[in-house]
Each structure stands twice: as structure tokens, then as C-alpha cells.
Amino acid sequence: MDRLLPLIVAVPLLGAAVLVGAGRRMPRLAAETVACACAAASTALACAALARATTVVSWVGGWRPRHGVSGGIVLVGDRIGLGLAALASVLVLAVLAYSWRYFEEPPRGHSGAFPALVLLFQAGMCGFALTGDLFDAFVFFELMGVCGYALTGYHVEEARPVQGALAFGFVNSLGGYATLMGIALLYARTGELGMAAIGRQLDAAPERDALVAAAFVLVMTGLLVKAAAVPFHFWLPDAHAIAPTPVCLVLSGVMVETGVYGVARVHTTVFGGPGGIPAAGTRRVLVVLGVVSAVTGAVMCWQQRHIKRLLAFSTVGHTGLFLVGVGLLTDEGLSGTCLYVLGHAGAKAALFACTGILLARLGSVDEHELHGRGRDIRGIGLLFALGGLALAGLPPFGTGLGKAVVEEGSAWLPALFGLVSALTGGAALRVAARVFLGTGERGREEEPETAGGEEEPETAGGEEEPETGRRIRLAPPPMVSVAVALLAGALAVGTVPALAEATYAASSAFLDHAGYAATVLGGRAGGGQPGHAAAAHGGAWWTWTGAALGLLSAALAVVLAAAAVVGLVPSRGWSAPLRRLHSGHIGDYVAWTTAGIGLLSLLTLW
């Protein structure tokens, strides 16, 4: 079974190589078929490995550790890592199915370019989820980044995609360089690159000093950039606004979540022992950044009229909630976050899928310009509204279950989770009411606000061009089917008790710092006692309180949306100072990233 792990990464890499090598001679239908087959095969392999109850360890090339010292590259397939790889593969398959004949006919000889990039993206995400080597994590991190830059600026002949891709590239590259510097510091201290080996070396000499703290800050910087946590998030809305809609499905659905996973993985395996960073310091870093990200993302989401930017800022808000859940450093917090991530992936990807249909049919993603124009596609409107309710935490969606589980960790969490869920879900419901029902008056055109003589980045979406090359009369069945299937998946997460039990057991084993090292370096059978103890605990499931809080946040989202469409709650103006910070200038974004490194240092050493 350990031979499956390399194949999960190798199959999409091989498919991309075939498309690059033979794509110039392959018709478009054949290229897309090959891509879907490779993505489906990788998905099947990940699910087959996930079906095992124990952790799978694969030493590439047979270079196993001797006397506890590692000398080779290791892939570790624990339940959470394999779950993330499976989620990434499923969403990539959904993207390829959604984009089947979606784009206008590519130039001759370029039919394999888009699917090849998507497969490389899948390989990067799966490799990142499965690697047990910190340097290889950086390599896969950069592979994701390079593919993300190329996919964001896919329409390279236009100026706006190039600008968005450059912002993506600059900020993520800066984060990558920071991570590489942190890895170099850890290698200088321990002489190891494997996560388990580094953690064991640090634990052998538990002397907390500035070098370990600096390595923690630098490594976490790159991961938090990928997670789009405030103040490292500025690249995300700009990238989503101009990236092809199918790409947005995977960017918000799973790529951002890989950053959160990386934070949890690196803390647990490297810095979670007696020689790493104290739990109080890590908890302070993640909770503070999580709260700031959640509130900032929710506020910015509410004031958007560009639907893709609106959904992008909602991702920032929910990323903050994920960081808070991970930052609790408890089995319940991590298991609830995993359920939340699964539900959010389905709901957010479905919302982007519906937005793509709007763009292809009506030629706009501007909430005001589309007012009432979606009346004849109310089926899509129903899907969009259901996605908004899922973001708001409505039971029994998986987002609601994950939200309910995490909220039990502290008395103040229901207020934060409820507010962010209501604002982000309410913004999506407001769009659904205006676009598909024609409720309220059409929003007035607003003059761009300025700060220091510079105009605020455009938040309207009326200048978009259909990515299909021309407007379509009826949405192709694959586009609608993908949105329905994704929402069904988000619903299934909150209605299958066995999934919640397995997630709780996986989270308990994931947080076992010593158990991970023993499994990877000592050859101990995976799974360990924590997983069995968690299974006996029964996992986390719906409670009356959790369900009531979910209903309350969903009801508040409906009230906010209704008040907004009749003009009682303004969507712009009151957040102008915060909006001005999102200037659209790469230099400003780099400056904020640098300031974020300083903030991380203060929170770590405080």
C-alpha cells in the first residue's frame, strides 16, 4: 500500500508531461480526456490509500532511516494528509469537468496547455499534503505557486490578468523565500530536512533560542501567505478577480486550505515538542491572526459588488476561522476545522461555478449591473442561495457542523464564528436576491474613492468578457452538474456520522508529536493509540446548541441580505479606510507582507 503514495503525485505529473509533449498534435477533446483520466486515477489512488486505518509511510528509493537517522525522502500518508490530497484531486477533477469545452477554442497546438497546468497544480497540492520532508514541502509549495501564477494570468494577452498574476507571483515568491530561509536555519541547527527528524533533534536539546524562533517565523510566513491570512492576503482578491472561473474553484476551494494544513503540520511535527515553540506562543499567533483575518475578510466581503472578489474575501474570512480552530491545539478544534474545510470547499467551489455560468451567459459579474437579469435562470439562483446558506453555517451542511464543533472550544467563539458566517453568507444571499429575483432597486454607480491621489482598485465587474468566447444561451450540463455535485458533497459532510468520527480520530493522531516521529523514523505501525482513543470517544457530532447557533447565524445572514437589498444596511462607504489599504499596488502588498513578518515575530516572542 505504501507504493500508492508516490503514484498519487506521479500520475498527474505524467499526464501533464504527456499533454506538454504530445498536446500540439492532440485535438482538444483528446487532451481534455487524458487530463480527466489522470485526475480521476490520482483521486482513486488517494481514496484507496485513505481507506486504510493506519498511517502509510513510503521512503522513496528505499532509503529508510538507520538508527533513527533519516537520509532519504519520505512520503507520509496519515488520514488528514491523504484527506487533503483526495480533496484536492476531487476539486481538480471538478475543474476539468467544469471547463470541458468551457473556454473558447484555443489556438492550434495549444489544446493541452490549460489541462497540463491544472494537472501540475494537482501534483503540487498532493505532494505538499503527503511529504514528510520540509525541503520537499517547499518544492511542492513552489510548484503550486508557479502553476497558480500561470493559471491566474492564463489570458496573457490582456493587461489585467498579467497584473493580477504578478501580484500573486511577487507576494507568494516572497513567502517562499522566507520559508526557504527558515528551512536553512533548521538545517544548520539539526542537520536534518525531514520534519520528524528535525522535531526529534530539537527535542533532544530543548533550548529555546532566537534561531528556533526565527525559523518558526520564517517558515510560517510562507505558509500564511499561501493561506491568505491577514496581512498576507492582499494578492488573493486581485488574483480571483481576473483568474479564469474554473481556476477560482481550486484556488479558494483547496489551495488556500493547503496553507492552513501546512501551518498545522509544521507546528505539530517540527515545533510542537519540548524543543520547539511553546504551545502558548503558537496559540497566540494563530488565534490573533485568525481573528484579524476573519473580521477583515468578512467586512471586505460585505462591501464588494464584483462577485468574484466578494467570494475571494469570504475565503479570507473563513481562512481566519480555520486558523482559530487550528490554533486551539485541541482534538475538537482540529477535527471541527477539518469538517469546516470540507464543507467550505464544496460550497465555495459551487458558488464560483454558478458565477462562471453568470459570466458566460450574461457577460458580467457585477452585482448591480446584473440586477434582475438572472430571473430566467432561477435554478442557478437556487444553487447560489444554497451556497450562501452553507457559508452562513446552516445545518446540516458540513460548514455548519464544523462551525458547531469548533465553537465548543471557548465561550467567545460563537460570537466570532456567527458574525463572520452571517456577513459572508449574507453577502452571497444579497447577490442571489438582487441578481436572480430582482429584489430592491438597482445600486447606483459610485465614484471611486481615493487615498493619497490614487484611485481605489476597481470593485465592479461589468467589464468582464465571457470566457467561453461568446455568450451562451443555455449552461452546458457539465457546468451545472459540477455545481450540484459540489453542494451535495458539502451537505454530505454534515450528514454522515462516520465521517465525523473518522475525522476526530485522525485529528487526535495528527496532534501526537512523538507518535508521528515514532511512526516515520522508528517504523512503528501507523495510527497509534490516539486514534483508537478518539474512536472510543465517539468523535464530534451535532448538538442542540450547535444546531441552534447554526440556525441563528443563517437567520442573521438572511436578515442582513434582506436589509441590504432594501437599503437599510449600506454595503459601501462605512468601510472606506479598510478598502483603501487594498490599493492594488505590488509594492504596498510587499510592504504589508514585511510588516506581517514583524507582527509574527512579536506574537511569537511576546
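**Close-up views of a predicted model**

View 1. Leu329 is found in the loop between α12 (307-327) and α13. Helices (H or I, at least four residues) and strands (E, at least two) are DSSP runs, numbered from the N terminus. The structure is a predicted model, in which local features need pLDDT of at least 70 and side-chain atom pairs count only at pLDDT 80 or more, while totals for chains, interfaces and linings use all residues. Residues are numbered from 1 along each chain as its sequence is written, and side-chain values use heavy atoms, with hydrogens and water left out. Leu329 has a phi near 60°, a positive value in a residue other than glycine. Most residues other than glycine have a negative phi, and most peptide bonds are trans. Leu329 is partly exposed, with a relative accessible area of 22%. Buried means under 20% relative accessible area, exposed over 50%, and partly exposed in between (1.4 Å probe, protein chains only).

**View 2. Ala228, Ala229 and Pro231 in the loop between α8 and α9.** The loop runs between α8 (210-227) and α9 (235-242), and Ala229 lies in it. Ala228 has a positive phi, near 60°, in a residue other than glycine. Ala228 is buried at a relative accessible area of 0%; Ala229 is buried, with a value of 0%. Leaving aside residues up to four places away in sequence, Ala229 touches Leu224, Ser293 and Leu323; contact means heavy atoms within 4.5 Å. Ala229 and Gly290 are 61 residues apart in sequence, and their C-alpha atoms are 7.2 Å apart in space.

**View 3. The cis peptide bond between Pro395 and Pro396.** Omega of this bond is about 5°. Pro396 lies in the loop between α14 and α15 (398-407).

View 4. Asp366 sits in the loop between α13 (331-362) and α14 (378-391). Asp366 is buried, its relative accessible area being 1%.

**View 5. The packing of α5 against α6.** Helix α5 (residues 134-152) and helix α6 (residues 159-190) pack at an angle of about 175°, their axes 9 Å apart. Axes are lines fitted to C-alpha atoms, for helices over the stretch in contact, and angles run from 0 to 180 degrees between N-to-C directions. The two helices, α5 and α6, are therefore roughly antiparallel to each other; angles under 35 degrees count as roughly parallel, over 145 as roughly antiparallel, 65 to 115 as roughly perpendicular and the rest as oblique. The residues in the contact of α5 with α6 are eleven nonpolar, nine polar and one charged. Ala, Val, Leu, Ile, Met, Phe, Trp, Tyr, Cys and Pro count as nonpolar, Asp, Glu, Lys and Arg as charged, and the others, Gly among them, as polar. On α5 the residues include Phe135, Phe138 and Glu142; those on α6 include Phe168, Asn172 and Ile183.

**View 6. Strands β1 and β2.** β1 and strand β2 (residues 74-77) pair in the antiparallel sense over four bridges; two strands pair if DSSP finds at least two bridges between them. The bridge partner of Trp59 in β2 is Val74. From strand β1 (residues 56-59), Val56 and Ser58 point one way, and Val57 and Trp59 the other way, and all are buried.
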